[in-house]
Amino acid sequence: MKKSNSIKLLFVTGILASCTQNKPEDQWKNEKKVYMRSDSTASYSRSHGFMPGYFWYHAFRPYGSFHNGSYQKAGYYSDAISSKSNVGRSTYKGNVVRGGLGRSGFRASS
Amino acid sequence: MERITSGFRKNWEHKLENLGFGYHSLEGLYWDESHYYQFSSEEINTIENATAELWQMCLEAVDYVIEKNLWYRFNIPEWFKNYIITSWEEDHPSIYGRFDFGFDGKNLKLLEFNADTPTSLYEASVVQWYWLQEMYPYKDQFNSIHEKLVDYWKYLKNYMNPHYIYFASLTNIEDVTNVEYLRDCATQAGFDTEFMAIQDIGWAEDIEEFISGDKTIMEYIFKLYPYEWILDDGFGEKLVKNNFRSQWIEPAWKLLLSSKAILPILWEMYPNHPYLLESYFEPKHLKDFVKKPIYSREGANVTLFKNNIPLEQNSGVYGKEGYIYQQLFDLPNFNGNYPIIGSWVIGQESAGIGIRESVNLITNNQSRFIPHLID
């Protein structure tokens, strides 16, 4: 036999809810905020299967954009990750520039 | 190798979407289960052995490029050379790669190696496996990609500290699905993981560190974003300044193997090797050949010549770094459909195949993924 005996998937099956459709902005505004911790010391994380699709959709869809060649990071859709909830890892307090990567193409597939 | 008619499953779109496979029909039909390819055990053994041997040849080729100082062939800036050499000498780990083969059941030839940012991983590893389980559960398939991925992440865990990996890509559904699948496997292997958009990777100039969305220093970054684009974006200098405090996966040495420039170099190292097509940096004596940019994606800017006359051409934005010229391989013709075998290396092992089929001789982003089985 050359095939895998079984395939177990933790969260990848939940990603469709996150990135196939754009939700209208007005729907976002009325949604209840769900705060989650994002770091490894938090009590729950998406790696352990907490509402995978829902989590992804809210926390990891960036809505930054490029203007005149520079990237304006506006955060992620919803405030699902509160910066106050990030504890336990070495957090850098200085100036960070974002948007340097990602300008050369829409899709990296090959 | 046969192409066999098979029916679409009832609610096939729904079944695929339940697996999280959302790009089955994005630009026309992509996942196509109206047919499948059937291979004999001998044919699969041929593909498996060729994959293993070509992987070893590619590793030799990286050494050869460094030793012979062939950087100019790859259009790699002088200041990035040492970064690549260090990633190679320190054996920075590679997770995966996909060889594209022309195969007619007997002759097998390497068309190119997608060594840096190969995709179609999820459909090869998971989607076609579930198709087989439902349609032909007693048949075999050349596909242990999933278990080899989980096993290889487990193996790497012994050498990595901390056990926290950021997975980054552009945010289109195809790239995100492939990266999320890899992240799923790494999580199963025991890593803590986090996805972030590649645009959100931050740079702190004063400490020369890559910074995550929550302002944490990023020790390990898996990226589905090609090195040539990292260089174009002006991020290559930052990688050099950072001096590997952040370790990027795939490693920088894969840039050499993902470039088409490796094809003439392999031919120079292994002339007349049965798995290689004659390839050069100029057309030389070739009459039936394919002209490929040193760097390109999804068949862009590839031109196919027969008797020195251009027969088929794909448009695109690539080619400024130069071209290579590769002898034309006659892909098998199944009623106007031309299959290419994508053969996966996971860790250091040959792990399985996925087949993309096109009505054109140059496979592009309009090709369809066709499942397979072993008779």
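Beyond its neighbours within four places in sequence, B:Ile95 is in contact (heavy atoms within 4.5 Å) with B:Leu149, B:Tyr152, B:Trp153, B:Leu156, B:Leu182, B:Phe222, B:Ile249, B:Glu250, B:Val345, B:Ile346 and B:Gly347. This is a predicted model: local features need pLDDT of at least 70, side-chain atom pairs count only at pLDDT 80 or more, and totals for chains, interfaces and linings use all residues. Residues are numbered from 1 along each chain as its sequence is written, chains are lettered from A and ligands numbered from 1 in the order in which they are written, and side-chain values use heavy atoms, with hydrogens and water left out.

B:Ile95 also belongs to the largest nonpolar core, which holds 135 residues. A nonpolar core is a set of buried Ala, Val, Leu, Ile, Met, Phe, Trp, Tyr and Cys residues joined through side-chain atoms within 4.5 Å. Buried means under 20% relative accessible area, exposed over 50%, and partly exposed in between (1.4 Å probe, protein chains only). The members that touch the most others are B:Phe39, B:Ile47, B:Ile95, B:Tyr122, B:Trp153, B:Ile201 and B:Phe222. Helix H2 (residues 41–68) of chain B gives this core its largest share, 13 residues. Helices (H or I, at least four residues) and strands (E, at least two) are DSSP runs, numbered from the N terminus. A second, separate core has six residues, among them B:Leu111, B:Phe329, B:Leu331 and B:Tyr338.

## Salt bridges within chain B

A salt bridge is a side-chain nitrogen of Lys or Arg within 4 Å of a carboxyl oxygen of Asp or Glu. Over all chains, the count is 18 salt bridges. B:Asp100 and B:Arg98 form one of them, at 2.9 Å from N to O. B:Asp100 counts as buried because its relative accessibility is 5%. B:Arg98 is buried too, at 2%. B:Glu250, already listed as a contact of B:Ile95, pairs with B:Lys254 at 2.8 Å between the closest N and O atoms. Both B:Glu250 and B:Lys254 are buried.

B:Asp375 and B:Lys139 form another salt bridge, with the closest N and O atoms 2.9 Å apart. It links distant parts of the chain, 236 residues apart. B:Asp375 sits in the segment after strand E19 (372–374) of chain B, while B:Lys139 is in the loop between helix H4 (121–135) and helix H5 (145–157) of chain B. B:Asp375 is exposed because its relative accessible area is 55%. B:Lys139 is partly exposed, at 29%.

## The network around B:Arg3

B:Arg3 lies in strand E1 (residues 2–5) of chain B. Its relative accessibility is 18%, so B:Arg3 counts as buried. Salt bridges link B:Arg3, B:Asp32, B:Glu357 and B:Arg368 in a network.

A polar contact is a pair of N or O atoms within 3.5 Å; within protein, one must be able to donate a hydrogen and the other to accept it, and residues adjacent in sequence count only if both atoms are side-chain atoms. The side chain of B:Arg3 has a polar contact of 2.7 Å with that of B:Glu357. With the side chain of B:His35, the polar contact of B:Arg3 is 3.2 Å. Leaving out residues up to four places away in sequence, B:Arg3 touches B:His35, B:Tyr36, B:Tyr37, B:Phe334, B:Asn337, B:Glu357 and B:Arg368.

## Interface of chain A and chain B

In the interface, 53 residues of chain A contact 84 residues of chain B. The two chains bury about 5,800 Å² between them, with 52% of it on carbon and sulfur atoms. Buried area is the accessible area (1.4 Å probe) that two parts lose on being put together, summed over both. On the chain A side, A:Lys2, A:Leu101 and A:Ser110 lose the most area to chain B, together 15% of what that side buries.

Two salt bridges cross the interface. B:Glu48 and A:Lys2 meet in a salt bridge at 2.6 Å, N to O. Helix H1 (16–19) and strand E3 (97–98) of chain A each supply at least two residues of the side that touches chain B. That side of chain A divides into 21 nonpolar, 21 polar and eleven charged residues. Here Ala, Val, Leu, Ile, Met, Phe, Trp, Tyr, Cys and Pro count as nonpolar, Asp, Glu, Lys and Arg as charged, and the others, Gly among them, as polar.

## Chain A

Chain A has three helices and three strands. From the N terminus on, the order is α-α-α-β-β-β. Of the 110 residues in chain A, 44% are buried.
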